Amino acid sequence: MRVLVTGASGLLGINVALEARQDHTVIGLVNTLSLRKAPFEVLSGDLLTEGFVERLLDETQPDWVIHCAALANLEACESDPALAAQINTEVPRKLARNVARGGARLLHVSTDTVFDGRRGDYSETDQPNPLSVYAHTKLDGERAVMEADPDAIITRVNLFGWSLTGKRSLAEWFYNNLSAGKPVMGFTDVFFCPLLANHLAQILLEMLSLELSGLFHVVSSECIPKYDFGVALARKFGLDDRLISPASVAQSGLKAARSPNLTLRNTKLSQALNRDIPGISTGIEQFYTLYQQGFPQKLQEML
Ligand SMILES: NC(=O)c1ccc[n+]([C@@H]2O[C@H](COP(=O)([O-])OP(=O)(O)OC[C@H]3O[C@@H](n4cnc5c(N)ncnc54)[C@H](OP(=O)(O)O)[C@@H]3O)[C@@H](O)[C@H]2O)c1
């Protein structure tokens, strides 16, 4: 297959592109970050430029499009809601319209944050209630994709992993601070179910191979507070977990509202794939194995 990966310089996109290149021809789209030494074809451009989406699809002629590009920084979305709406809602709408017209398959990446997190244990039939600008624009993006391309796959994800800059994921943040001996806060009242980006990438490709369509929660089978995640990671890496202070998200001073209980059910996904979805402990084990194998350095050498 010819696989176009947007956001190939991002945390998810680079891991998807590297996973996909094992069996497919990959074209990765980047924007501000230059990816000079990637082991796949790289194109550069801004998805917001008039006519760019149409030209990109014409020139690359993909069979599958995996749309990982987004304005994924919650605080940046609060500061510029119009830009967030353009990137997180209007780009997916345009992409879905044009992909459907050309006969390719689209996998759109959304977020667990579409829920307000008051209850938790959400399935795909539960009603979202976004709290932040980011979450609103991502939910609108899901709806725009569903309307324009009912055959598309829409995935609500949460993830951690190694990125090109070494600074994109919560796991890297814990690792960077703790290995420098710096104290950090870990929220005890924010629950999530992140998948390792590499596991998530494999699942997304499997979903396309199986020709699934519709909305899926693509999250880990385990859900834990962010504090516990930091402690588990510290212990795996032999770092001092006492540097992580248990804290409430209310103490964080963050501008964008955070949903406290983002535990999502992945039953629909595991039934569709006919297998278990990895848990967080498996993800942390593999995150450590990748570290031992020099994967973070290999990523940085691609810049
Ligand atoms: N990280 C998480 O924990 C998390 C959780 C839930 C959902 N998600 C979702 O997962 C997806 C991937 O997130 P991520 O963490 O990988 O994000 P990320 O690391 O911030 O990467 C975002 C990517 O989007 C690209 N991009 C942004 N604006 C663009 C534009 N105008 N034109 C072209 N490319 C543009 C960036 O390109 P440059 O860097 O080259 O500018 C970058 O490659 C997103 O849909 C996000 O909403 C992420």
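A residue counts as buried here when its relative accessible area is under 20%, as exposed when it is over 50%, and as partly exposed in between. Keep that in mind while looking around this structure, which is a predicted model.

**Around the ligand**

Let's start with the ligand. There are 27 residues around it, and Ser9, Thr32, Asp46, Tyr134 and Lys138 come nearest.

| Residue | Part of the residue | Distance to a ligand oxygen atom |
|---|---|---|
| Ser9 | polar side-chain atom | 2.6 Å |
| Val109 | polar backbone atom | 3.2 Å |
| Tyr134 | polar side-chain atom | 2.6 Å |

On its own, the ligand would expose 910 Å², and the protein buries 89% of that area. Which elements give two or more residues to the shell around the ligand? They are α1 (11-20), β5 (105-111) and α5 (133-148). Of these, β5 gives the most, with three residues. Sorted by class, the shell has 15 nonpolar residues, nine polar ones and three charged ones.

**Aromatic rings**

Now for the rings: the structure holds 16 aromatic pairs. To describe such a pair, you give the distance of the centres and the angle of the planes.

Take Phe174 and Phe229, a tilted pair with 6.5 Å from centre to centre and 50 degrees between the planes. Phe174 belongs to helix α6 (residues 170-179) and Phe229 to helix α8 (residues 226-236), so this pair ties together parts that are 55 residues apart in sequence.

Tyr288 and Tyr291 make a stacked pair, at 6.1 Å centre to centre and with 25 degrees between the planes. The angle counts as stacked because it is under 30 degrees. These two tyrosines sit three residues apart in helix α10 (residues 280-292), so about one helical turn separates them. Tyr291 has 31% relative accessibility, so it counts as partly exposed.

Both pairs have their residues in a cluster linked by ring pairs: Phe160, Trp162, Trp173, Phe174, Tyr175, Phe192, Phe229, Phe237, Phe287, Tyr288 and Tyr291.

**Charges over rings**

Lysines turn up over rings as well. Phe192, one of the residues in that cluster, has Lys226 over its face, 5.0 Å from the ring centre. Over at Phe216, the charged end of Lys268 sits above the ring, at 4.4 Å from its centre.

Note on methods. Residues are numbered from 1 along each chain as its sequence is written. This is a predicted model: local features need pLDDT of at least 70, side-chain atom pairs count only at pLDDT 80 or more; totals for chains, interfaces and linings use all residues. Side-chain values use heavy atoms; hydrogens and water are left out. A residue is near a molecule or strand if one of its heavy atoms lies within 4 Å of it. A polar contact is a pair of N or O atoms within 3.5 Å; within protein, one must be able to donate a hydrogen and the other to accept it, and residues adjacent in sequence count only if both atoms are side-chain atoms. Accessible areas come from the Shrake-Rupley method with a 1.4 Å probe; for residues, only the protein chains shown count as cover. Helices (H or I, at least four residues) and strands (E, at least two) are DSSP runs, numbered from the N terminus. Ala, Val, Leu, Ile, Met, Phe, Trp, Tyr, Cys and Pro count as nonpolar, Asp, Glu, Lys and Arg as charged, and the others, Gly among them, as polar. Rings of Phe, Tyr and Trp (its six-membered ring) pair if their centres lie within 6.5 Å; planes under 30 degrees apart count as stacked, over 60 as edge-to-face and the rest as tilted. Buried means under 20% relative accessible area, exposed over 50%, partly exposed in between (1.4 Å probe, protein chains only). A charge sits over a ring if NZ of Lys or CZ of Arg is within 6 Å of the ring centre and within 35 degrees of the ring normal.
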